[in-house]
Amino acid sequence: MLEIKNLRVRIAGKEILRGINLKVKAGELHAIMGPNGSGKSTLALILAGHDSYEITAGEVHYQGKNLLEMAPEERACEGLFMAFQYPIEIPGVTNLYMLKAGLNAARKHRGQEELDAMDFLKLVKERAKLVEIDESFLNRSVNEGFSGGEKKRNEIFQMAVLEPKLAVLDETDSGLDIDALKIVAKGVNALRNKDRAIIIITHYQRLLNYIVPDYVHVLVDGRIVRSGDKDLAVELEAKGYNWIESGAAAASGS
Amino acid sequence: MKTMDSKTHYLQQFKDVEARTRGAEGSWLSKLRRRAIEDFSEAGFPTTRLEAWKYTNVEPIVASRFKPAAETANGLSPERLSAFTLGTGSGSLLTFVNGRFSKKLSRLGPLPAGVRVESLAAALGNGSLDLEPHLGRHVETSGHPFAALNTAFMDDGALVFIPAGVDLQEPIQIVFATTQAEPAVTYPRVLIVGEKNSRASIVESYVGLGDQAYFTNAVTEIVVQDNATLEHCRMLEEGSRSYHISTVQSHLSRDSNLVSHNYAFGGSLIRNHVNSVLDAEGAESTLFGLYVIADRQHVDNHTRIDHAKPHCSSREIYTGILDDQSRGIFNGRVIVRPDAQKTDAKQTNRNLLLSKEALADTNPELEIYADDVKCTHGATIGQLDEEALFYLRARGISQKAARDILTYAFAGELVDEVKTEPARKYVEKLLRARLPGASETTVLL
């Protein structure tokens, strides 16, 4: 579904990603872990199509297409979804308005008929339950005045409505208390299926107690230095990033 | 010496007005006209050397030396007119074509006893209502040459009179349409009187059909008496080569409440003066303005709120959305007179620039002569939030639609303030027509 080859990315002259390689197949759940400043969020934003980065080398293929040539909206319409680490507040645009416009743009893109107001409302009400979002949130401006936890739940709610093929969740767990974390995890688990791939980017292993990954990758200093299964996350939690970083330093020195 | 020539041109035209009206109208009105033309003669046309006109050059208007519009009403079918009217079946509608009242294109809904909604020319002609205490008593002509010209030349327009205690449910709409093929000037004049304890909503629309050059020089006087409430909505959909200069002068009595909406969409050069005098305790004036312009459109809003008495409040929000090489000017003056203690005045001007070549000027002017007052003002000029654009695009919304949605949201706050529902719906329609990407209807649970 997704193949990243030797991706190198710069911002303001500084190299942030220094040759990323990653393969994700349908149905898989990958966790990318790493310390602050390792390039995790940059990777997520690059996949979503943010234009403040300079891609100096590498390729990204998504469902056989060159992802890097696609506009952000085209990526979304092709089934790519990113849950933002810091969801933006958009006063004057309601959640429902944005979701209906986004969902119908994707449907149009796929040659499907647009959903009318009735069917759309039925869908959002059902999905709102999944992440325990109160219906009153739906008519509020996007993220405006939401608490940190509400914003993150709103991201997963949007994912549930837009039903992506590939979801990239950027630190959806950070800032959540344990109750909110469980709700988010429940929502994500409910959305796992054999056709959908999910990449979870996280600083902490905590979320992975509730969402069990198929693969875990450790990103340090712009490179994936270690890959493994769920046990790698546990080991990392016990030993800390320093354990890997020293290894990474040794690897890059060789 | 072009200005000199143009001035003479209008002074000459006034002789025709005098010849036509002498003996045919009350001497108070003749005196009013005469004083106005003298005020015009003294001031002449403004140049950009004057502080109040430094951003707006009226030379194209002056040089055009417009003739009065011909009296024939043409080019406006009821079908065409319907595109500019509110979607209400029973509300009253007064239509003026090229400055003249059109009975055929007007209709009166069922109105409570004593309410007058009619052509000003007719009301002045039959003398059934004494207009002397109001007409021309509020707008200043000295030092205001365009208001002076309107007063000297006024011929027709609308009279709306709401007697004491009447609560008018349906809005009244007044449409001034210019269809004239030749370049011409019209002087629409509106007088609105809301007697004590009355309530009404009035919508004025100025529309241009076709792309000829013409000049609308309009004056509206609004009198809101004790404890009366009035919502006044002014919408400019003038033609692409038109000039529009206007004054809306309101006078507020004790505990009265005025909400003024000033929307500018169409017109090549627009200058609005919106003046409100809070002349007794407890009066409340709210001025909202929205200008959504593109190409080389130029909109200059000069507002003046005069807190003449204590315990009055005013709130003002003017919002500009400027695309291409358009230019928007906001000059908001708030005067607090020496004994106007406990004044509460709040002014905001927000501008959204959609292109690098658009230009916004904002200038608050607070003149405070009392010491126990609360006056605030704030101005912003900015662009669309790139991160919000990216967020919407990441949800599948095209760049164009995302821009339109965010732009609509920027203006939406003001649209929501229009309390008269058919008027609000109409403004929404106008705004969405300019922002097609935001055209999807509101989604509500």
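These notebook entries record what I looked up in a predicted model with chains A and B.

**Entry 1. Conventions**

I number residues from 1 along each chain as its sequence is written, and chains are lettered from A and ligands numbered from 1 in the order in which they are written. In this predicted model, local features need pLDDT of at least 70, side-chain atom pairs count only at pLDDT 80 or more, and totals for chains, interfaces and linings use all residues, while side-chain values use heavy atoms, with hydrogens and water left out.

**Entry 2. Chain B against chain A**

I began with the interface of the two chains. I found 24 residues of chain B in contact with 38 residues of chain A, where contact means heavy atoms within 4.5 Å. The size of an interface is often given as the accessible area lost when the parts come together. Chain B and chain A bury about 2500 Å² between them, with 67% of it on carbon and sulfur atoms; buried area is the accessible area (1.4 Å probe) that two parts lose on being put together, summed over both.

I next looked up the charged pairs. The rule finds two salt bridges across the interface of chain B and chain A, a salt bridge being a side-chain nitrogen of Lys or Arg within 4 Å of a carboxyl oxygen of Asp or Glu. I noted that B:Arg393 forms a salt bridge with A:Glu73, and that the closest N and O atoms are 2.6 Å apart.

The rule also finds 10 residue pairs in polar contact across this interface of chain B and chain A, both residues at pLDDT 80 or more. A polar contact is a pair of N or O atoms within 3.5 Å; within protein, one must be able to donate a hydrogen and the other to accept it, and residues adjacent in sequence count only if both atoms are side-chain atoms.

Which elements give two or more residues to the side of chain B that touches chain A? They are helix H7 (386-393) and helix H8 (399-415) of chain B. Helices (H or I, at least four residues) and strands (E, at least two) are DSSP runs, numbered from the N terminus. H7(B) gives the most to this side, with six residues. I recorded the residues of the side of chain B that touches chain A as 13 nonpolar, six polar and five charged. Here Ala, Val, Leu, Ile, Met, Phe, Trp, Tyr, Cys and Pro count as nonpolar, Asp, Glu, Lys and Arg as charged, and the others, Gly among them, as polar.

**Entry 3. The two domains of chain B**

Chain B is divided into domain 1 (2-280) and domain 2 (385-445); the bounds come from an automatic or database domain assignment. The centres of domain 1 and domain 2 of chain B, taken over C-alpha atoms, are separated by 31 Å. I found 14 residues of domain 1 of chain B in contact with 14 residues of domain 2 of chain B.

These two domains of chain B bury about 1200 Å² between them, 68% of it on carbon and sulfur atoms. In domain 1 of chain B, B:Glu231, B:Tyr263 and B:Phe265 lose the most area to domain 2 of chain B, together 43% of what that side buries.

How many salt bridges does the rule find across the interface of domain 1 and domain 2 of chain B? It finds zero salt bridges there, whereas the count of residue pairs in polar contact between the domains is five, both at pLDDT 80 or more. Strand S9 (199-208), strand S11 (229-237) and strand S13 (257-266) of chain B each supply at least two residues of the side of domain 1 that touches domain 2.

**Entry 4. Buried positions**

I looked up helix H6 (residues 145-153) of chain B: nine of its nine residues are buried, so it is largely enclosed by the rest of the structure. Buried means under 20% relative accessible area, exposed over 50%, partly exposed in between (1.4 Å probe, protein chains only).

B:Gly44 lies in the loop between helix H2 (27-43) and helix H3 (59-64) of chain B and is buried, with a relative accessible area of 6%. Not counting residues up to four places away in sequence, B:Gly44 touches B:Lys7 and B:Pro145, and B:Pro145 is one of the buried residues in H6(B).

In chain A, A:Glu78 is in the loop between helix H2 (72-77) and strand S6 (80-83) and is buried at a relative accessible area of 15%. The side chain of A:Glu78 makes a polar contact with the side chain of A:His109 (2.9 Å).

**Entry 5. Positive phi in chain A**

A:Asn143 has a positive phi of about 60° although it is not a glycine, and its relative accessible area is 0%. A:Glu171, also not a glycine, has a positive phi of about 45° and counts as buried at 9% relative accessibility.
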